[in-house]
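The sequence and coordinates follow.

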Amino acid sequence: MYFAALLTLTEDGWVASDTELDDVETLADLIGLARDASPDDDPVLVFIEQEDAWFGIIRVEGEDDPRIFVSDGAAAARSSYGEILTKELLGDDRGDDTADLDALDLDGTETGEPDDTEEETQAVGETVPAAPVGDRQILDDLGMSEKELLALGTDALSEIADALGASEMLETVR
């Protein structure tokens, strides 16, 4: 089960809103939700949590590139919303059919058939680390250091909201 929320830092403080992930299929969809939450280009944090497995934070400010942090890359990569984040953080060239010709070893004996084995495909999936990935300083200027972020336990989103002074807002949405 997933929980998702948006926290927007306005001049009056944090404003939280619940968000539905039903229509989210890409990172662009998530970023669009965040930008829609802040017409004044205020900082917006998108929290996504899969119970007891992983959490992710996307930080969007105006038209700047989003900043992303995921607590456990491997666990997140095994879930639909987490996969969206880990693909962005770690790159995903598996779906890119336009291979770099210079990188291919073409010796004239190619059959035209892909030579991916099941083991090679699994190895690609296992390259996602079972550790935090992304921008570890995503919350530094908001009151939570990298060290504190990396030390979070199972109730991470509540601890983050508490450090940011937004715990009441987050609990209202929960």
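A salt bridge here is a side-chain nitrogen of Lys or Arg within 4 Å of a carboxyl oxygen of Asp or Glu. Lys87 and Glu83 form such a pair, with their closest N and O atoms 3.9 Å apart. The model is predicted, and these distances are computed from it.

Lys87 and Glu83 are four residues apart in helix 3 (residues 80-90), so about one helical turn separates them. Lys87 is partly exposed at 34% relative accessible area, and Glu83 is also partly exposed, at 33%.

The structure holds four salt bridges in total. Another of them joins the side chains of Arg67 and Asp135, at 2.6 Å from N to O. This pair links distant parts of the chain: Arg67 lies in strand 5 (residues 67-70), while Asp135 lies in the loop between strand 6 (133-134) and helix 5 (146-150), 68 residues apart. Arg67 is partly exposed, with a relative accessible area of 27%, and Asp135 is partly exposed at 22%.

Arg59, Glu61 and Asp141 are linked in a network of salt bridges. Within it, the side chains of Arg59 and Glu61 meet at 2.7 Å, N to O. Arg59 is buried, with 2% relative accessibility, whereas Glu61 is partly exposed at 27%.

Leaving aside residues up to four places away in sequence, Glu49 touches Met1, Tyr2, Phe3, Trp54, Phe55, Thr154, Leu157 and Arg174.

Definitions and conventions: Residues are numbered from 1 along each chain as its sequence is written. This is a predicted model: local features need pLDDT of at least 70, side-chain atom pairs count only at pLDDT 80 or more; totals for chains, interfaces and linings use all residues. Side-chain values use heavy atoms; hydrogens and water are left out. Contact means heavy atoms within 4.5 Å. Buried means under 20% relative accessible area, exposed over 50%, partly exposed in between (1.4 Å probe, protein chains only). Helices (H or I, at least four residues) and strands (E, at least two) are DSSP runs, numbered from the N terminus.
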